[in-house]
Amino acid sequence: NKIDESGKKRRFIFDEIKRFIDSGVILGCDTDGCKFGKILVLKGLANTGKTTLLRQVICEYREAFECAFLELEADDDMDAVYLKLMELEENGVKIVCIANITLVEDFIENSRILADRFARDGMKIIISGDENLSILFADRKSLLYRTIWLSTTHISYAEHTWLLGGDFDEYISHGGLLGDSDKAEYIKSAVARNIAMSTRRDYDEWLPCYTEPCELESIVAKLLAVFSGEKLRVRRSNYCVSRAFDFYEVVDGGLFLRNEKRIENLNDIAWNLRPYLKIKIPRDLILELEKCLEHIGILSTLTSVNIAFNESCGLKRLKKKEEYCVLCPAIKYHCLKQSLKSEQIRKSMMEQILLFDTKEALKYEKSILFEREPKYSVFKVNFSNPEGALTYDLLIKNNDLNGYYAFKIAHLSSDEKAELRDEKVEKIASEYFGKKLGSAILYSTKDFKGSDEEMSFSIWDFLLAIYKHKDIELALSELGAC
C-alpha cells in the first residue's frame with residue numbers, strides 16, 4: 001500500500017500486461033485447469049520504465065487482489081525467493097512483481113521454481129532485470145520457454161509525445177530514453193555492460209570466445225555506431241575509401257543484411273574496427289553480438305523491396321532484404337552527430353522512424369487459440385527502370401483486401417511538391433501487392449502546402465493516428481484521406 005504511482009503516465013504496453021493478468025495466459029490448459037503456467041518477462045534497457053511498470057501493476061490490482069512487489073539484491077538467492085513466494089502464497093497473494101531478478105547469482109540455474117511451482121498453481125508472476133540476456137539463458141535452461149516477453153526498449157514517437165511531450169526534433173535527439181543521461185556513458189553502461197555482465201556467466205553458451213568486459217564494451221559501442229551509420233575506413237585490395245555503412249546502403253552484396261551473402265563480409269567489418277579498438281575481433285563474435293543487440297531490443301530490421309523492370313524486354317526482378325537499424329533515436333543521433341549534418345541525420349532518421357513505428361503499430365498480435373495471416377505487411381519499396389526510379393518510403397499491404405497504400409516523404413520546403421503517381425510503377429506494383437487502395441504525401445513539416453492531386457498530411461500526424469487506431473483505414477479516415 002505504500003507504492004504510489006498515481007502521478008505517472010503509463011507506457012503503451014501496460015494494456016498488454018493487463019491482458020496477461022486478466023486472461024490467464026497459459027501453456028497447456030485443459031478443462032481441469034492450468035498446467036505449466038507461464039510467467040511474464042519485462043525486458044528492456046535501463047531508463048525505459050520497467051520497475052515503474054511493475055509498481056503501476058500493483059497500484060492497478062491491489063484493491064481486487066492481494067499483490068506483492070519484491071525488489072531483489074545481489075546477496076539474494078533463489079532459495080530465499082522460493083521461501084518468500086511460499087509465504088506470500090500462504091497469505092493469499094495472487095500477483096507478484098519481481099524487480100532486479102538478474103542480480104540473483106543462481107537465477108539462471110534455479111528459476112524453474114517460478115513456473116513449476118507457483119505460476120502453474122495460478123500465481124501471476126512478472127519479472128524484470130537489466131541483464132536481459134540472463135533471463136534469456138534462464139528461459140532456455142530452467143524455465144523451458146514458459147515465458148511471455150514484453151519489451152520496454154523501443155519508445156515510439158507517439159508514445160514519446162504521450163509521456164514527455166515535445167516535438168519531433170526533440171524526439172530525434174532524446175527519444176527512446178525516459179531519463180536525461182549522458183549518451184556515451186549510457187551506451188557503455190546500459191547496452192555494452194548489459195551484454196558483458198550477462199554473458200560473463202556462460203561464454204561457452206553464447207559467445208565464441210572469451211573477451212574481457214572492457215573490450216566487449218568497446219566493441220559493442222563501436223558496432224552501435226556502425227549500425228547507426230558512422231563512417232569508417234573500408235579496406236579494399238590495395239587502397240582505402242571512405243564509405244558510410246548505414247541501413248540504406250548495400251556494400252559488397254549486403255554488408256549489414258541478414259542473409260548468407262553478408263557472412264563473407266564480416267571479416268571486413270572486423271578488420272575495419274581494429275584500428276579503432278586495437279584488439280582482434282573474430283567474425284563469429286560480431287554475429288553473436290548482433291543477436292545480443294537484437295534480443296535486448298536496441299537493434300532490429302526493416303524490410304526493403306527492390307523491383308527492377310524493363311517493359312521493352314519484359315524483365316521484372318524482385319529482391320527482398322532485411323536491413324539492420326538502431327531503434328533508440330537518442331543513441332543513433334549521438335553516434336551520427338559528429339560525422340553528419342543535422343539535416344542529413346533528420347532525413348535518415350525520419351524515414352526509419354516512419355517505417356518502424358508503422359510496422360510496430362500494425363503488427364499482428366498472435367493468439368494461442370488460432371493462427372492467421374497478419375492483416376498488414378509493411379515495406380519500403382524501390383522501383384527502377386531504364387527511364388528512372390521511384391521510391392515508396394512506406395508501402396502498407398492489406399492482406400485481407402489484397403491491396404496496398406503507398407506513401408512518400410516530402411523532404412521539401414512548404415512551397416514545393418513531391419511526385420508519387422506513376423502509371424508504370426502502379427502497374428508493376430499491382431502485380432506484387434494487389435490493387436492500389438490509396439496514396440498520400442507525408443510532409444516533414446506541419447506548415448506545408450498540400451497537392452491538389454494527392455492526399456497529403458504531416459508525417460507526425462500520421463504516426464499519431466496510426467498508433468491511436470492500429471488500423472490504416474481508420475487512421476486515414478481520421479486524417480481526412482477516406
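Glu60 and Lys18 form a salt bridge, with their closest N and O atoms 3.5 Å apart. A salt bridge here is a side-chain nitrogen of Lys or Arg within 4 Å of a carboxyl oxygen of Asp or Glu. Glu60 lies in helix H2 (residues 50-61) and Lys18 in helix H1, so the pair ties together parts that are 42 residues apart in sequence. Helices (H or I, at least four residues) and strands (E, at least two) are DSSP runs, numbered from the N terminus. Glu60 is partly exposed, at 30% relative accessible area. Lys18 is also partly exposed, at 25%. Buried means under 20% relative accessible area, exposed means over 50%, and partly exposed lies in between (1.4 Å probe, protein chains only).

The model is predicted: local features need pLDDT of at least 70, side-chain atom pairs count only at pLDDT 80 or more, and totals for chains, interfaces and linings use all residues. Residues are numbered from 1 along each chain as its sequence is written, and side-chain values use heavy atoms, with hydrogens and water left out.

The whole structure holds 15 salt bridges. Side chains of opposite charge can pair when their charged atoms come close. One of the bridges joins Glu159 to Arg11, with the closest N and O atoms 2.5 Å apart. This pair links distant parts of the chain. Glu159 sits in helix H7, and Arg11 in the segment before helix H1 (14-23), 148 residues apart. Both Glu159 and Arg11 are buried.

Lys468 and Glu478 meet through their side chains in a further salt bridge (3.1 Å, N to O). Lys468 belongs to helix H18 (residues 459-469) and Glu478 to helix H19 (residues 472-479), 10 residues apart. Lys468 is exposed, with a relative accessible area of 58%. Glu478 is partly exposed, at 41%. Salt bridges also link Glu89, Arg117, Arg120 and Asp121 in a network.

Aromatic pairs were counted next. Rings of Phe, Tyr and Trp (its six-membered ring) pair if their centres lie within 6.5 Å; planes under 30 degrees apart count as stacked, over 60 as edge-to-face and the rest as tilted. The count comes to 15 aromatic pairs. Among them, Tyr157 and Phe168 are edge-to-face, 6.1 Å centre to centre with 65° between the planes. Tyr157 is in helix H7 (residues 157-164) and Phe168 in helix H8 (residues 168-174), 11 residues apart. Tyr157 and Phe168 are both buried.

Phe379 and Phe433 make a tilted pair, 5.8 Å centre to centre with 40° between the planes. Phe379 lies in strand E12 (residues 376-385) and Phe433 in helix H17 (residues 423-433). The two are 54 residues apart, and the pair links distant parts of the chain. Phe379 counts as buried because its relative accessibility is 11%. Phe433 is buried too, at 5%. Phe379 and Phe433 belong to one aromatic cluster, together with Phe383, Tyr392, Tyr404 and Tyr432.

The surface was examined for charge. Glu71, Glu73, Asp75, Asp77 and Asp79 form a negative patch. Patches are made of residues with over 30% relative accessible area and no salt bridge; like charges are joined within 9 Å, and nonpolar side chains (Val, Leu, Ile, Met, Phe, Trp, Tyr) within 5 Å.

Key
Areas by Shrake-Rupley, 256 points an atom, 1.4 Å probe, with all protein chains shown as cover. Lys, Arg positive; Asp, Glu negative; His and termini not counted. Charge placed at Lys NZ, Arg CZ, Asp CG, Glu CD.
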